[in-house]
Amino acid sequence: MNVGKVIKSIRSDKKIKQKELSESCNISVTYLSQIENNKKDPTLSTLEGISKYLGIPLPIIFFMSLEDNDIPPHKKEFFKHLHPSLNGLIKEFF
């Protein structure tokens, strides 16, 4: 899973600065940067605060974070075809 990449992408798409997001979640800009660069694993409460501020439900962020190696081998082909379409739909909806 690449939660940090997804958070960074959503934040950038919504033109939200790191400082704005970090202040809203009561975390430092440094910590947010480390989350976005996958150097720190955030707590569930931090992820909930980030998802709430970004306006994206946390399960959706988790889904968007899935990578090929997160999927069982017998489901990879299905995932490869479904994931890009669903990500596009999610981005349009949120």
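**Core, pocket and a loop lysine**

The largest nonpolar core here has 18 residues, and those with the most contacts inside it are Ile-7, Ile-10, Leu-21, Ile-50, Leu-54 and Ile-61. A nonpolar core is a set of buried Ala, Val, Leu, Ile, Met, Phe, Trp, Tyr and Cys residues joined through side-chain atoms within 4.5 Å. Bear in mind that this is a predicted model: local features need pLDDT of at least 70, side-chain atom pairs count only at pLDDT 80 or more, and totals for chains, interfaces and linings use all residues. Residues are numbered from 1 along each chain as its sequence is written, and side-chain values use heavy atoms, with hydrogens and water left out.

- H1 gives the most to the core, with four residues.
- Leaving aside neighbours within four places in sequence, Ile-10 is in contact (heavy atoms within 4.5 Å) with Leu-54, Ile-56, Ile-61 and Met-64.
- As background, nonpolar side chains tend to be buried together in soluble globular proteins.

**Helix H3 and what follows**
- Leu-32, Ile-35 and Glu-36 are the buried residues of H3, which spans residues 29–36; buried means under 20% relative accessible area, exposed over 50%, and partly exposed in between (1.4 Å probe, protein chains only).
- These three cover an arc of only 95° around the axis, so they sit on the same side of H3; the arc is that of the directions from the helix axis to the C-beta atoms.
- Their cover includes H1, helix H2 (18–24) and helix H4 (44–54).
- Just after H3, Asn-38 takes a positive phi of about 55°.

**Lys-40**
- You'll find Lys-40 in the loop between H3 and H4, partly exposed at a relative accessible area of 41%.
- Beyond its neighbours within four places in sequence, Lys-40 is in contact with Tyr-31, Gln-34 and Ile-35.
- Lys-40 and Gly-4 are 36 residues apart along the chain, with 8.9 Å separating their C-alpha atoms.

**The largest pocket**
- Asn-2, Lys-5, Val-6, Ser-9, Met-64, Ser-65, Leu-66, Glu-67, Asn-87 and Lys-91 line the largest pocket.
- On a 1 Å grid over the protein atoms alone, a pocket is an open set of points where a 1.4 Å probe fits, with protein on both sides within 12 Å along at least five of seven lines; lining residues have an atom within 4 Å of a point.
- H1 contributes the largest share of the lining, three residues.

Notes. Helix = DSSP H or I, 4+ residues; strand = E, 2+ residues; numbered from the N terminus.
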